[in-house]
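Visitor: Please show me the model. I want to know what stands behind each label you use.

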Amino acid sequence: MRREALRVDKDFVNPRARNGRQGSWRVPGIRRNYSPHSGKHYLFNKWGDTRMGIGFQEAVKVEGAYVAGHGPMGGSFAKSLQAIGYLNGVEVGRSQVHPEVGMEHTWFAIDLDAVDRIEIVAGAAYGGAGWYALDDLAFTSSRTGRREVLDFEDLTYEDVITGSGY
């Protein structure tokens, strides 16, 4: 962040920068794998997008997930997190605001029942963005009553989950 602020050529377009692309859920590469809660894989919000959705194939009860800041320093970590639940495109509830996004994973209690999609809203930290890691997402099927925990261990480094049907 300090290096970017010191750039003389403000019109420089970094080919590795966002450059208008939409954010995505992504498994970090091996060199940027900072904070798994369990195992070796987790998701993070590529580009630090402050609004990231997760869809389910049916109505579920979302219990929560473990979250931490993503990156080597705290200056870019999301300032807070909140989940908004939807069923058939209609908002049906909101989680409490989770203010503890730091180096260590903490439980983000989402507690939303009968939703088929959630949107996680992050408090921006730097340049309108806020990065965080998401691991061990727990939910229960409304249809079968079966509890699932997604630990993302079936994925590989740098997999992109957004739009994949995962």
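Visitor: Why is Gly 85 called buried?

Guide: Buried means under 20% relative accessible area, exposed over 50%, partly exposed in between, with a 1.4 Å probe and protein chains only. Gly 85 has 0% relative accessibility, so Gly 85 counts as buried.

Visitor: What kind of model is this, and which residues count for local features?

Guide: This is a predicted model: local features need pLDDT of at least 70, side-chain atom pairs count only at pLDDT 80 or more, and totals for chains, interfaces and linings use all residues. Residues are numbered from 1 along each chain as its sequence is written, and side-chain values use heavy atoms, with hydrogens and water left out.

Visitor: Where does Gly 85 lie, and which residues is Gly 85 in contact with, leaving aside neighbours within four places in sequence?

Guide: Gly 85 lies in strand 4, residues 81-87. Strands (E, at least two residues) and helices (H or I, at least four) are DSSP runs, numbered from the N terminus. Contact means heavy atoms within 4.5 Å. Beyond four places in sequence, the contacts of Gly 85 include Val 90, Val 92, Leu 112 and Ile 118. Leu 112 is 27 residues from Gly 85 along the chain, yet their C-alpha atoms are separated by 6.4 Å.

Visitor: How do you know whether Tyr 42 is buried or exposed?

Guide: The relative accessible area of Tyr 42 is 0%, so Tyr 42 is buried. Tyr 42 lies in the loop between strand 1 (24-26) and strand 2 (43-46). Val 67 is 25 residues from Tyr 42 in sequence and 9.6 Å away in space, C-alpha to C-alpha.

Visitor: What share of the protein chain counts as buried, and what is its accessible surface?

Guide: Of 166 residues, 42% count as buried. The accessible surface is about 9400 Å², and 49% of that belongs to carbon and sulfur atoms. The areas come from the Shrake-Rupley method.

Visitor: How many helices and strands are there, and what pattern do they follow?

Guide: The protein chain has 1 helix and 8 strands. Read along the sequence, the pattern is α-β-β-β-β-β-β-β-β. Among contacts between residues at least 6 apart in sequence, 72% join residues at least 24 apart.

Visitor: What makes strand 3 and strand 6 a pair?

Guide: Two strands pair if DSSP finds at least two bridges between them. Strand 3 and strand 6 (residues 106-122) have 11 bridges, in the antiparallel sense. Gly 55 has Arg 117 in strand 6 as its bridge partner. Strand 3 also pairs with strand 7, antiparallel, over 8 bridges. There, Val 60 stands opposite Ser 141.

Visitor: How many bridges join strand 7 to strand 8?

Guide: They are joined by 4 bridges and run antiparallel. Ala 138 stands opposite Val 149 in strand 8. The hairpin of strand 7 and strand 8 has 5 residues between the strands, and Gly 145 takes a positive phi near 75°.

Visitor: What is called a pocket, and what is the volume of the second largest pocket?

Guide: On a 1 Å grid over the protein atoms alone, a pocket is an open set of points where a 1.4 Å probe fits, with protein on both sides within 12 Å along at least five of seven lines; lining residues have an atom within 4 Å of a point. The second largest pocket has a volume of about 540 Å³, which is the space filled by probe spheres set on the points. Of its 24 lining residues, those closest to the centre are Gly 55, Phe 56, Gln 57, Leu 150 and Tyr 166.

Visitor: Which strand gives the largest share of that lining?

Guide: Strand 3 does, with 7 residues.

Technical notes
Areas by Shrake-Rupley, 256 points an atom, 1.4 Å probe, with all protein chains shown as cover.
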